[in-house]
Amino acid sequence: IFSGFFIFFLLCKWCVFALPAKTMPSRTSSNPASPAFVAAVAFASNSNVLLTVAFGLLIVVAHFLSHVNYMLFHILFELFSVFVAAMTAVLAFHTRRIADNVVFMALGICYGFTGLLDLAHLLTYKGMNLTEFDKGPNTAAQLWISARFMESGAMVVILACHSFLRSRLWAPKSLLWCMLMGTGLVFTSIFWWRSFPTCNPGTGLTTFKKAMESVICVIWVTVLFLLLHPWWPAKLQVWLRYELPNMGTHSHRRLIVGVLLSIIAEVLFAVYVDVYSFINTLGHCFKVAAYTCWYLAIVREMLEDPYTVLFSSICETNKELLATRQQWAAELQSTRQAWKDRTDMIATMSHELRTPLNGISGMVELLQMTELNEEQKQCL
């Protein structure tokens with residue numbers, strides 16, 4: 001519990017969340033406030049402290065609830081992630097005509113199908129007693145791996161290829177069909193063909209499950225590397241020629257913290273033994289914290305500051321127009337310089353040719369004044 005407190009506190013100290021600031025007591029003659037009281041109010045008003053305390057309480061409540069009724073704990077925590085994924089998909093769908101933001105639309109498509117897989121993971125979890133697939137932990141683990149791989153893989157593709165997605169009108173439709181076929185393939189291989197590799201036969205995690213968790217962690221690290229683009233060295237930025245999609249400062253930092261929390265959650269889910277163990281409970285807490293960051297970065301930003309998110313393409317268009325203008329100005333300057341060089345060259349050639357021709361013309365006139373035969377006159 002204290003480890004969770006410490007990790008989340010370090011993350012929150014770096015991430016500035018846009019929470020409403022508390023009103024500080026003023027020092028007036030009628031109601032003077034002591035420095036200790038002012039410091040206590042400032043400490044309690046700090047959003048980082050509030051979020052750290054909230055995360056610690058979340059771990060305590062989750063630990064207590066998992067001992068009382070683990071299925072209730074799992075249902076509540078998984079339904080929260082399904083709710084955030086559904087909200088992201090619904091907002092992306094209903095704003096597709098008024099917002100020319102292909103990146104947000106792609107994220108909505110990604111989290112729509114991820115939420116579907118998470119819902120299937122919830123319904124097939126060991127102990128639900130709804131279908132024949134929830135008798136053991138294997139089916140839920142297979143759906144979990146598929147959902148996390150789809151989420152992290154789609155995130156890295158969207159961040160790495162957002163310029164391509166924005167420049168191709170058919171790109172969101174292609175992404176939709178790819179996600180649909182991928183989800184259908186996952187469901188078919190698990191429930192029909194039953195050919196999906198075993199992840200948890202009931203005696204512990206298999207090598208495939210641990211390897212896939214490691215691959216997902218590597219993908220999340222790649223996403224983190226792309227999100228840290230503003231802190232790249234200048235040479236690396238020039239060499240890779242990569243630009244982040246336009247997003248607010250708060251959204252950017254929340255996404256970074258969400259990725260860090262997702263990495264921690266994947267590490268925990270790679271080392272647990274029993275699906276009802278405390279490590280599994282702690283992993284679900286970090287997942288809820290990560291999805292809280294997704295909610296603050298995407299859903300709440302869409303609702304509270306729509307002009308920054310929905311119409312971010314205006315900023316992208318302005319950047320492209322400015323770059324085009326600078327390119328045209330450079331080409332115009334080079335054209336003017338080339339025309340000036342051409343004029344100077346023609347003037348120099350004219351001078352260099354006219355000077356010897358004047359001497360030749362004078363000598364011809366002098367020769368014509370001498371006695372010449374008909375053939376010499378014709379040559380002159």
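Predicted model: local features only at pLDDT ≥ 70, side-chain atom pairs only at ≥ 80, totals over all residues.
I started with Lys287 and Asp118, whose side chains meet in a salt bridge at 3.7 Å, N to O. For a salt bridge I take a side-chain nitrogen of Lys or Arg within 4 Å of a carboxyl oxygen of Asp or Glu. Lys287 sits in helix 12 (residues 278-304) and Asp118 in helix 5, so this pair ties together parts 169 residues apart in sequence. Helices here are DSSP runs of H or I, at least four residues, numbered from the N terminus. Both Lys287 and Asp118 are buried, where buried means under 20% relative accessible area, exposed over 50%, and partly exposed in between (1.4 Å probe, protein chains only).

Residues are numbered from 1 along each chain as its sequence is written, and side-chain values use heavy atoms, with hydrogens and water left out.

Next I asked which other residue forms a salt bridge with Asp118. I found Arg148, with the closest N and O atoms 3.1 Å apart. That pair also links distant parts of the chain, Asp118 in helix 5 and Arg148 in helix 6 (residues 138-160), 30 residues apart. Arg148 is buried, as is Asp118.

Then I went to helix 9 (residues 207-227), where Lys209 and Glu213 lie four residues apart, about one turn of the helix. Their side chains meet in a salt bridge at 2.8 Å, N to O, and both residues are buried. Back to the shared partners: salt bridges join Glu78, Asp118, Arg148, Glu151 and Lys287 into one network. My count of salt bridges comes to six.

Helix 5 kept turning up, and I looked at it as a whole. It has 22 residues and reaches 32 Å from first C-alpha to last, close to the 32 Å expected at 1.5 Å a residue; the expected span is 1.5 Å times one less than the number of residues.

On to the rings. I count 13 aromatic pairs, taking rings of Phe, Tyr and Trp (its six-membered ring) with centres within 6.5 Å, where planes under 30 degrees apart are stacked, over 60 edge-to-face and the rest tilted. Tyr111 and Trp294 have ring centres 6.4 Å apart and planes at 55°, so I logged the pair as tilted. Tyr111 is in helix 5 and Trp294 in helix 12, 183 residues apart, and both are buried.

Phe196 and Phe208 are edge-to-face, 6.1 Å centre to centre with 80° between the planes. Phe196 is in the loop between helix 8 (171-192) and helix 9, and Phe208 is in helix 9, so the pair ties together parts twelve residues apart in sequence. Buried or partly exposed for Phe208? At 28% relative accessibility, Phe208 counts as partly exposed, while Phe196 at 17% counts as buried. I also noted one aromatic cluster formed by Tyr70, Phe73, Phe77, Tyr125 and Tyr276.

Last entry: Arg254 in helix 11 (residues 249-269) is buried, at 1% relative accessible area. The side chain of Arg254 reaches the backbone oxygen of Leu296 at 3.1 Å.

Notes: Helix = DSSP H or I, 4+ residues; strand = E, 2+ residues; numbered from the N terminus. Polar contact = N/O pair within 3.5 Å; in protein donor to acceptor, adjacent residues only side chain to side chain.
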